Amino acid sequence: MTTIGIIGAGNIGSQLARLAVQHGHEVVIANSRGPETLTDLVDELGPSARAATRDEAAAAGEVVIVTTPLAAIETIPVEPLTGKVVIDTNNYYPQRDGHIAALDDETTTTAELLQAHLPASHVVKAFNHIGAADLTGHASPAGTADRRALVIAGDDEGAKQAVTALIDAFGFDVVDAGPLAEGWRIQRDTPGYGPRLTADELREALAAAKRYRDQ
Ligand SMILES: NC(=O)c1ccc[n+]([C@@H]2O[C@H](COP(=O)([O-])OP(=O)(O)OC[C@H]3O[C@@H](n4cnc5c(N)ncnc54)[C@H](OP(=O)(O)O)[C@@H]3O)[C@@H](O)[C@H]2O)c1
């Protein structure tokens with residue numbers, strides 16, 4: 001059993017909280033407005049979950065998921081996440097997030113921005129390319145024919161192993177895209193972004209991905 005901190009309690013944060021609780025983990029979950037606004041969600045999740053502030057979720061989590069709009073990553077606490085595995089689900093939508101020059105010219109990627117904000121943490125990009133409802137709707141046990149696969153990317157092998165184990169337990173095969181810098185292969189508008197794909201299909205989709213600037 002792991003304590004999973006979740007910063008962001010919207011579509012994805014609440015779904016990952018459901019999966020975490022279903023699979024025997026403790027959840028400490030935060031949003032921007034404060035724990036008192038998460039009463040309905042924690043009531044639904046049951047005794048394994050509690051609402052907290054962003055700082056408390058970061059401190060309590062052995063693994064911490066950041067699943068906010070991209071602009072909020074500057075508010076993610078740094079010190080309590082030192083040495084921890086941090087999962088980044090975020091995507092870049094300029095109409096929602098505002099323009100970020102280094103993403104527009106593709107000199108970095110979304111998860112590398114979070115890694116730069118959290119230099120002493122081990123950021124793994126995951127869960128960014130599956131619709132929120134499908135996190136529970138498409139989950140299936142290991143060995144299921146045509147099991148859906150999800151991509152990870154990260155610079156720390158141990159962190160990637162931990163996230164791989166979590167994703168497998170949640171109900172998905174895992175395809176490793178490589179270091180964080182390769183995370184662009186599963187960014188918005190790439191072939192792997194959105195559809196239900198097996199591991200082999202997802203590897204093909206990653207290989208076929210094109211940079212925005214080359215399209
Ligand atoms: N929706 C999807 O199907 C999907 C799929 C894959 C990846 N993603 C990506 O995952 C991220 C989250 O998406 P979402 O759809 O779950 O977003 P969402 O439904 O809009 O939820 C965002 C959550 O983040 C919280 N938040 C905002 N600013 C915060 C801050 N400074 N500190 C702590 N919490 C903060 C919000 O809290 P308040 O409500 O209190 O402001 C809310 O709980 C986005 O980057 C999105 O692109 C989404």
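**View 1. The buried residues of helix H9 (residues 199–208) in the predicted model are Leu202, Ala205 and Leu206.** Because these residues span an arc of only 100° around the axis, they lie on the same side of H9. Their packing partners are strand E7 (149–154) and strand E8 (173–176). On the face of H9 turned away from the buried side, the exposed residues are Asp200, Ala207 and Ala208. The model shown here and in the following views is predicted.

**View 2. Strand E2 (residues 26–30) pairs in the parallel sense with strand E1 (residues 3–7) and with strand E3 (residues 49–51).** Four of the five residues of E2 are buried, and the strand is thus mostly covered. Five bridges join E1 and E2; Ile6 has Ile29 in E2 as its bridge partner. From E1 the chain passes through H1 to E2 in a right-handed β-α-β crossover. Three bridges join E2 and E3, with Val27 standing opposite Ala49 in E3. The chain then runs from E2 through helix H2 (residues 39–45) to E3, and this β-α-β crossover is right-handed.

Technical notes: Residues numbered from 1 in each chain as written. Predicted model: local features only at pLDDT ≥ 70, side-chain atom pairs only at ≥ 80, totals over all residues. Buried ≥ 20, exposed ≤ 12 C-beta atoms within 10 Å, placed from the backbone. Helix = DSSP H or I, 4+ residues; strand = E, 2+ residues; numbered from the N terminus. Arc of directions from axis to C-beta. Contact = placed C-beta atoms within 7 Å. Pairing = 2+ DSSP bridges. Right-handed = clockwise from strand over helix to strand, strands pointing away.
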